[in-house]
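Take a look at the model below. We will follow charged side chains first, and then a pair of helices.

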Amino acid sequence: QANPHQVNHLLDRGLRAIFAARQTLRNTWGDWYGKVASVASNPTQGAPSFISDEAREATVRRLLHAVMTSAPYTIVLAGHSAVHASGNHFNQSYSHWLHEVLGPPLAAVGVQLVTRNHAMGGLSSIHRSACFAASYGADLDAILWDYGMTGGGVSEADYFFRQAMQQPRRPLLVGFQPDHGRVPALSQATKISYNKSTSVPWGLLRFYESAGYHTAYVVGAPETVALYRDGVTMSIEQAATLPPGLRFLHCISENRQVLTPVCNTYKYDCNCGVEKAKHCSGAASWHPGWRYHRLRGHMAGALFLDMLESALTIFQEEVHVQALPLTNALWHIHEDLANLERAAGIILRNPDSPCHWDSSLKKLGCSVTYQCATEFLPSVGATIESLIVPKKGEGWTLDTGWRNKMHECPAGGNPNVRGFYYSQSESTLVLRLNGVRDGIVVLAPWGVSPCLINWGTTSFGPDLIKGKNFTNNPNAELWLDGTRVSSFERGPSYASIAQVQHTALKSSVVELRLRMSLPCALSHVLWR
């Protein structure tokens with residue numbers, strides 16, 4: 001980026017693409033454009049998204065760094081089935097609407113936008129958080145949290161964000177807040193501290209920000225930007241007079257009574273075949289349709305579009321007064337990463353954080369990361385299948401039922417696969433784990449089975465789940481690097497934890513041998 005002629009053309013392309021993206025937003029939302037696309041520095045200003053000045057400046061530098069180095073910029077969405085876009089087409093999730101806004105302007109300046117929709121329905125966030133790098137990637141620049149429906153507890157959310165801030169690129173933490181009405185009041189509080197009633201994610205993000213970690217926030221509900229009050233649909237005929245983005249987003253009758261049938265008729269347009277006219281899987285009353293996804297995606301996209309415009313404007317203004325190359329301080333991010341690492345250290349060393357209030361999460365370790373393999377999709381890391389040592393085990397089978405269901409409705413397209421291995425009686429599974437440092441291994445049936453893999457000597461008593469009795473008695477042997485493991489702890493959601501002295505391991509590449517006497521399932525393997 002040292003040729004003035006090329007730089008001028010690059011900036012011109014980028015700013016034109018930003019203008020086109022904003023024009024698309026204006027055409028979609030009409031007079032409500034500002035209520036969807038404006039960005040503020042604090043929640044009291046009434047904008048749909050906000051980011052502190054310090055976090056904004058650092059994100060602008062990171063975007064400019066991507067422009068200068070032609071590096072990809074990666075945004076990941078994490079959440080439950082509503083984020084996953086259940087019931088909608090693959091390209092109707094708000095990760096895709098975000099990409100539609102931000103992708104072309106970044107491409108115009110030579111940056112590939114990587115947007116991952118790695119939400120998964122029906123589960124909490126623990127199985128993703130504990131396997132953070134494998135589930136979401138270690139290369140992310142920003143992660144958007146929206147687990148309010150299934151993983152909104154303060155301890156669980158704190159564990160998620162702690163895992164995020166330990167990733168190499170120290171991503172921007174962006175929260176969708178369903179209870180936005182409380183945010184302005186919370187922002188006025190003079191004391192910033194953890195407590196049992198800490199608002200999630202706003203209260204947590206505000207605490208992280210006070211320690212120096214960068215956060216941002218996107219409004220989660222349309223009513224907070226006056227769309228419900230001023231942009232409602234009262235009839236099919238009246239909808240035609242509204243901007244496209246507001247049509248059938250929220251329906252009421254002329255007497256101000258909720259008129260859901262009209263909106264429900266136009267909520268989903270994803271069908272699994274013309275003959276049956278069957279809606280795609282997940283088209284439920286509690287899941288949002290594609291119009292709502294478009295609103296949230298445009299809000300989040302506008303947040304990053306605003307910062308990209310600032311980055312290109314800074315570049316343009318600099319080349320008018322300063323000879324190329326661009327001043328390092330405008331786009332080098334080493335200092336930002338170092339500052340974020342220090343801030344993360346302050347947060348991680350806090351012994352009284354919400355994560356520590358949950359004894360099972362505390363057993364996993366609130367301030368450590370794991371290597372992980374899982375059969376859950378989507379993911380970016382290793383699979384359990386890739387760890388299996390050939391011809392040394394028998395009786396374990398990979399269940400593909402969840403994958404096969406994807407072919408039943410190709411129109412849906414969103415992968416939401418809970419893959420797992422299941423054992424027969426008297427079965428053996430041998431895995432090779434690379435880079436075992438601390439001698440800790442976790443085996444978990446997260447999301448697929450309440451069968452505890454117990455190689456210890458203690459029974460944990462029966463659990464009655466959906467009418468079936470799970471005894472949790474000892475049912476396995478665990479061998480690590482040729483030595484039988486006696487250490488056993490029960491972790492969160494039927495996870496099993498083993499710990500051996502790392503000095504007893506022959507190398508960092510160890511073999512884990514699991515011998516089962518009863519059928520069980522295995523969806524995640526973690527080690528460190």
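**Salt bridges and a helix pair**

Start with Glu309, which is partly exposed, at a relative accessible area of 27%. The model is a predicted one. Which residue does Glu309 form a salt bridge with? The partner is Arg22, and the closest N and O atoms are 3.0 Å apart. Glu309 sits in helix α14 (residues 290–321) and Arg22 in helix α1 (residues 4–29), so this pair ties together parts that are 287 residues apart in sequence. Is Arg22 buried or exposed? Arg22 is buried, because its relative accessible area is 10% and buried means under 20%.

Now move to another pair. Arg61 forms a salt bridge with Asp336. Here the closest N and O atoms are 2.7 Å apart. Arg61 lies in helix α3 (residues 53–69), while Asp336 lies in helix α16 (residues 334–348), so the bridge ties together parts that are 275 residues apart in sequence. Arg61 is partly exposed, with a relative accessible area of 22%. Asp336 is buried, with a relative accessible area of 10%.

Next, find Asp438 and Arg528. Their side chains meet in a salt bridge, at 3.0 Å from N to O. Where do the two residues lie? Asp438 is in the loop between β12 (420–433) and β13 (440–444). Arg528 is in the segment after β22 (524–527). The pair links distant parts of the chain, 90 residues apart. Asp438 counts as partly exposed, at 31% relative accessibility. Arg528 counts as buried, at 12%.

Salt bridges can also share partners. Which residues are joined into one network in this way? They are Arg22, Arg56, Asp306 and Glu309. How many salt bridges does the model have? The count comes to 16.

Go back to the helices that hold Arg22 and Glu309. Two packed helices are described by the angle between their axes and the distance between the axes. At what angle do α1 and α14 pack? The angle is about 150°, and the axes are 10 Å apart. That makes α1 roughly antiparallel to α14, because angles over 145 degrees count as roughly antiparallel. The crossing of α1 and α14 is left-handed. Which classes of residue make up the contact of α1 with α14? The contact has 14 nonpolar, six polar and four charged residues.

Definitions and conventions: Residues numbered from 1 in each chain as written. Predicted model: local features only at pLDDT ≥ 70, side-chain atom pairs only at ≥ 80, totals over all residues. Heavy atoms only, no water. Salt bridge = Lys/Arg side-chain N within 4 Å of Asp/Glu carboxyl O. Helix = DSSP H or I, 4+ residues; strand = E, 2+ residues; numbered from the N terminus. Buried < 20%, exposed > 50% of the residue type's maximum accessible area, 1.4 Å probe, protein only. Axes fitted to C-alpha atoms, helices over the stretch in contact; angles between N-to-C directions. Parallel < 35°, antiparallel > 145°, perpendicular 65-115°, else oblique. Left-handed = near helix turned anticlockwise from the far one by under 90°. Nonpolar A, V, L, I, M, F, W, Y, C, P; charged D, E, K, R; others polar.
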